[in-house]
Amino acid sequence: MNITYHYPPDLFNLLVDTIPLLCKSKKDVLIFLKGAGVPTNMMEDMISKVNFNRDAISKYEIVRTGLERINERGERTLRIRREILKRVTQFENFEACWEKDRLPAKGLVAEISKLVQVKDSFTKMKMEREKEAEKRKKDYLRKVKEQELHRQEIETIKHLLNSLFTYTDPHKRGKELEVILNRLFKAYKISVREAFVLVGDQGAGIVEQIDGVIELDGELYLVEMKWWRNPIGTGDVSQHLVRIFNRGHSRGIFISNSSFTQPAISMCKESLSRTVMCLCGLDEVVYILENNLNLEEMLKKKVQAAIIDKNPWLKSEQTIH
């Protein structure tokens, strides 16, 4: 707690000892307190004693009583406590004090200033610690919220993906697969761009369709997605490879509900001399979702196998275990 919010005992007693030395008379003490903002109604009894029975109260009793009353008011008299401290620590006109009080007054003012600085330093450090603790708490709650939203999104995607098995229209199912898998990439923050088409010049129409683009370790991958009954052959793989080759430094990932023919796998292996091409089964994606595993890590393992082992079709059990 800031010391100006509530005078602690050591500072309180120092102020009681100091203020009477800064004021020659009891009326001067009352003027000092009033000038700092202490309301007259808080000092009426003391004012009456000073005016009509001067010997009934001392300068020290006036200060002690006044400080006790503003201390008891808490936040309501915060400004007054700050002003009293300011006036004491910035007091310079010691010539206005009684001669015998000047040296003790200087010493007490210096001691109060030192005490305020020390306590303020500890207060600031405490506030910094509390601020850091609050920041950590907010960061933790933010992460918890993000994790919960991620979990909910994965559950939704899992439900949507499972619903595709009930589709009877292959074309509609294929389009929905693109949407769902791109949503999955986005949930793992590896999505760059969802499905898009390129249109040719002079009314040539759609010349190319990309199902999605993702980024892994700073490299861009064009993603092709298929939900076919039969294994993917060289025709579809070659089309995807052409898209990749035409983009210079891009790489490719092909995700299929069915498997891949051996000639298609061989074609992808041969292409590794020019670019990175990875094959992925939809069952691997489903396994990732069902077991709360990391999709990005699974894809990275496939990329490593393609680059290091020249194996574009890393088996599911090797990828997800």
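A search of the whole structure, which is a predicted model, finds four aromatic pairs, where rings of Phe, Tyr and Trp (its six-membered ring) pair if their centres lie within 6.5 Å, with planes under 30 degrees apart counted as stacked, over 60 as edge-to-face and the rest as tilted. The protein has twelve helices and five strands, taken as DSSP runs (H or I of at least four residues for helices, E of at least two for strands) and numbered from the N terminus. Of its 321 residues, 42% are buried, a word that stands for under 20% relative accessible area, while exposed stands for over 50% and partly exposed for what lies in between (1.4 Å probe, protein chains only).

Residues are numbered from 1 along each chain as its sequence is written, and side-chain values use heavy atoms, with hydrogens and water left out. Because this is a predicted model, local features need pLDDT of at least 70 and side-chain atom pairs count only at pLDDT 80 or more, whereas totals for chains, interfaces and linings use all residues.

**Aromatic pairs**

- Phe91 and Phe94 form an edge-to-face pair, with 5.1 Å from centre to centre and 75° between the planes, and both Phe91 and Phe94 are buried.
- The ring centres of Phe165 and Trp227 are 5.0 Å apart and their planes stand at 70°, so this pair is edge-to-face as well.
- Phe254, Phe260 and Trp313 form one aromatic cluster.

**Surface and contacts overall**

- The accessible surface of the protein comes to about 18500 Å², of which 51% belongs to carbon and sulfur atoms; such areas come from the Shrake-Rupley method with a 1.4 Å probe, and for residues only the protein chains shown count as cover.
- Among contacts (heavy atoms within 4.5 Å) between residues at least 6 apart in sequence, 67% join residues at least 24 apart.

**Cysteines**

- With a disulfide taken as a pair of cysteine sulfur atoms within 2.5 Å, the count comes to zero disulfides.
- The cysteine sulfur closest to that of Cys23 belongs to Cys97 and is 7.8 Å away, which is too far for a bond.
- Cys23 is buried because its relative accessibility is 6%, and Cys97 is buried with a relative accessible area of 1%.

- Val223 is in strand β3 (residues 219–226) and is buried, at 1% relative accessibility.
- Although Val223 and Ile210 are 13 residues apart along the chain, their C-alpha atoms are separated by 7.0 Å.
- Leaving aside neighbours within four places in sequence, the contacts of Val223 include Phe185, Asp211, His240 and Ile253.
- Ser258 is in the loop between β4 (251–256) and α9 (262–271), and with a relative accessible area of 10% this serine is buried.
- A polar atom of the Ser258 side chain lies 2.7 Å from the backbone oxygen of Asn230, and residues up to four places away aside, Ser258 touches Trp228, Arg229, Asn230, Pro231 and Ile232.

**Lys158**

- Lys158 lies in helix α6 and counts as buried because its relative accessibility is 12%.
- Leaving aside neighbours within four places in sequence, Lys158 is in contact with Leu289 and Glu290.

**Positive phi angles**

- Most residues other than glycine have a negative phi.
- Lys189, which is not a glycine, has a positive phi of about 60°; this lysine lies in the loop between α7 and β1 (191–199) and is exposed, at 74% relative accessibility.
- Asp217 has a positive phi near 50°; this residue is in the loop between β2 (206–216) and β3, and its relative accessibility of 63% makes it count as exposed.

Terms used
A polar contact is a pair of N or O atoms within 3.5 Å; within protein, one must be able to donate a hydrogen and the other to accept it, and residues adjacent in sequence count only if both atoms are side-chain atoms.
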